[in-house]
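Please read this report alongside the sequence and the 3D view below.

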Amino acid sequence: MKTLIIIIFLATIGTVSFAQDTAYISRDKTTALFFKSSVKIIGKTPPDFEVRQVENGLITLKAINPDFKSVKLNIQDQNTNQVYHIPVEYSYGRAGRRIDVAGSRSIITVIRSPVNNYAAIGSQLASGKRSDVVDRKKTGGVKVWVNKLSLANNKVFFRLDVRNRSNLPYDVDFIRFYIRDLKTVARMATHEQEIVPIYSNLNKRTTILKSKEIAKVFGFHRFSLSEDQALNIELYERNGNRHLYLQIKQKDLDNLETINPAPPAAAVILAAN
C-alpha cells in the first residue's frame, strides 16, 4: 500500500493545474489563446467549435454551433506539465479577444482585426470634398459621382456621392455591383460576376431630400479588371424610375491611393482567478 502511494505521488510531481478565465467565442469572431511556451490540447475537443493549433504556443477558437453548453478545454504546457482548464462559452459580444495565459492569471486583450477598422476608413473617405472622380451620371435632377478610390488593408474602397436637386425626394432602393465585359456580341451569353460589399455605411432606408447630398463609402475584397471589363454600379430608386448606372474601369484601379488609418488602442482586461 505504501509503495502504491509513493508511485502515485511521484507520478503527480511537476503537474500543476490552473483554472483560467472564460474564453468566449462566436461564429463570426476568432478568440486566440497565447502561451509562453509550447502546449498541447489534452482530450477530445467538442464538435460545436473549431480548435486550431496555429503555432506551438498559439491556439485559436471559433464557434460552429451557438447552441452548446459551457465546456472546459484542457491544455498542457509541454515544458512544465502544467494543465490549464479553460472554460469556453458562446458570446457574440465578448468573443474575438486575445487571452495571454500565464499561471493563475490571464491577460485578456480585445483583438483588433482589420474589419474593426472599416468604420474608420469609411469615416475618413466620407469626409471632405469629393476628389479624383472616375465616373458621374445624372437623371431627373439626381446626380451621382464615384470618387476617392483607395486601397486599405488589402481591400478596395470608394466613395459614392449622390445629390438631389429636384423637388421630389430620392429614396434609395438598393445598389448593385457586378463585373461584366464592356463589349458584348449580339446573341452571345454575357457573364456577370456579382460582388458584394464587405463594408457599407449606407443605411437600409436612405432618402435624399431636395437640395441635399450624401457621401457613402463601400469596401470590397480586392478585385482586378481586364481591359475589356468594368465594375458596374447600379443605383435604383424605390417606387421610381430615376435609376443611375456608373462604371469603374481598369485604368481607374491603376493608381489607387493607399490609406492607413490609425488602429484603435487595444482594451486590456486583467482577470485574476
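## The cavity and its lining

The structure holds one cavity of 30 Å³ or more, where a cavity is a set of points, on a 1 Å grid over the protein atoms alone, at which a 1.4 Å probe fits but cannot get out. The largest cavity has a volume of about 30 Å³, a volume being the space filled by probe spheres set on the points, with grid points joined across faces, edges and corners. This is a predicted model, in which local features need pLDDT of at least 70 and side-chain atom pairs count only at pLDDT 80 or more, while totals for chains, interfaces and linings use all residues. Residues are numbered from 1 along each chain as its sequence is written, and side-chain values use heavy atoms, with hydrogens and water left out.

The lining of the largest cavity is made up of Leu160, Val162, Val172, Ile175, Leu202, Ile214, Lys216, Phe218 and Leu235, lining residues being those with an atom within 4 Å of a point. Two or more of these residues come from each of β13 (155-164), β14 (170-181) and β18 (212-221), and β18 gives the most, with three residues; strands here are DSSP runs (E, at least two residues), numbered from the N terminus. By class, the lining has eight nonpolar residues, no polar ones and one charged one (Ala, Val, Leu, Ile, Met, Phe, Trp, Tyr, Cys and Pro count as nonpolar, Asp, Glu, Lys and Arg as charged, and the others, Gly among them, as polar).

## Aromatic pairs

A search of the whole structure finds 12 aromatic pairs, with rings of Phe, Tyr and Trp (its six-membered ring) pairing if their centres lie within 6.5 Å, and with planes under 30 degrees apart counted as stacked, over 60 as edge-to-face and the rest as tilted. One of them is the stacked pair of Phe158 and Phe220, at 5.6 Å centre to centre and 15 degrees between the planes. Phe158 lies in strand β13 and Phe220 in strand β18, so this pair ties together parts that are 62 residues apart in sequence.

Phe220 also forms an edge-to-face pair with Phe223, at 6.3 Å centre to centre and 90 degrees between the planes. Phe158 and Phe220 are both buried (under 20% relative accessible area, with a 1.4 Å probe and protein chains only), and Phe223 is buried as well, with a relative accessible area of 15%. Phe158, Phe177, Phe218, Phe220 and Phe223 form one aromatic cluster.

## Charges over rings

The charged end of Arg98 sits over the ring of Phe34, 3.8 Å from its centre, a description that requires NZ of Lys or CZ of Arg to be within 6 Å of the ring centre and within 35 degrees of the ring normal. Arg176 lies over the face of Tyr178, at 4.0 Å from the ring centre.

Methods
On a 1 Å grid over the protein atoms alone, a cavity is a set of points where a 1.4 Å probe fits but cannot get out, and a pocket is an open set with protein on both sides within 12 Å along at least five of seven lines; lining residues have an atom within 4 Å of a point. Helices (H or I, at least four residues) and strands (E, at least two) are DSSP runs, numbered from the N terminus. Buried means under 20% relative accessible area, exposed over 50%, partly exposed in between (1.4 Å probe, protein chains only).
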